[in-house]
Amino acid sequence: QVQLVDSGGGSVQAGGSLRLSCAASRYTYRRHCIGWFRQSPGKEREGVGHINSDGSTQYADSVKGRFTISQGDAKNTLYLQMNNLKPEDTAMYYCAARLCWVPDYAWWGQGTQVTVSS
């Protein structure tokens, strides 16, 4: 089955940048689609964005223009580039995978913490 390891979180000041990585094993980029999610205390899990098998991407309104999902030259690595970070971006971030023709995300990374200070 697909295994995911997400990494790259840390603490930054508002306006700073971070790049999160999602390393996938037993993964075929034409069959599996990757999404990024986040959850902060007291809030429900939020979909940040996702990338489809054709390379197209979609983002939540809250991060449009600031976050970018991309695929590495090695197709088993996905990135979430986060620019102009805001304190409200503070959350645990997760990458997740699904079969592209199935709506539910079946495989999840362990999560990586992002903290943005004022």
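This is a predicted model: local features need pLDDT of at least 70, side-chain atom pairs count only at pLDDT 80 or more; totals for chains, interfaces and linings use all residues.
Student: How many helices and strands are in the chain?

Tutor: Helices (H or I, at least four residues) and strands (E, at least two) are DSSP runs, numbered from the N terminus. Here there are 0 helices and 11 strands.

Student: What does the radius of gyration say about the chain?

Tutor: The radius is taken over C-alpha atoms, and the globule rule is 2.2 Å times the number of residues to the power 0.38. For 118 residues a compact globule would have a value near 13 Å, and the chain agrees because its own value is 13 Å. The C-alpha trace spans about 40 × 30 × 25 Å along its principal axes.

Student: What percentage of the residues count as buried?

Tutor: Buried means under 20% relative accessible area, exposed over 50%, and partly exposed in between (1.4 Å probe, protein chains only). In this chain, 41% of the 118 residues are buried.

Student: Which residues touch the most other members of the largest nonpolar core?

Tutor: In soluble globular proteins, nonpolar side chains tend to be buried together. A nonpolar core is a set of buried Ala, Val, Leu, Ile, Met, Phe, Trp, Tyr and Cys residues joined through side-chain atoms within 4.5 Å. The largest one has 27 residues, and those touching the most other members are Leu4, Ile34, Trp36, Phe67, Leu80, Met82 and Tyr93. Elements giving two or more residues to this core include β4 (32-39), β8 (77-82) and β9 (91-99).

Student: Which residues is Leu80 in contact with?

Tutor: Contact means heavy atoms within 4.5 Å. Leaving aside neighbours within four places in sequence, the partners of Leu80 include Leu18, Leu20, Trp36, Val48, Phe67, Ile69 and Tyr93. Across the chain, residues 24 or more positions apart account for 55% of the contacts with a separation of 6 or more.

Student: Where is Arg26, and is it buried or exposed?

Tutor: Arg26 sits in the loop between β3 and β4. Its relative accessibility is 62%, so Arg26 counts as exposed. Arg26 also has a positive phi of about 55 degrees, although it is not a glycine.

Student: Where is Asn84 found?

Tutor: Asn84 is in the loop between β8 and β9. Its phi is near 50 degrees, again a positive value in a residue other than glycine. With a relative accessible area of 42%, Asn84 is partly exposed.

Methods:
Residues are numbered from 1 along each chain as its sequence is written. Side-chain values use heavy atoms; hydrogens and water are left out.
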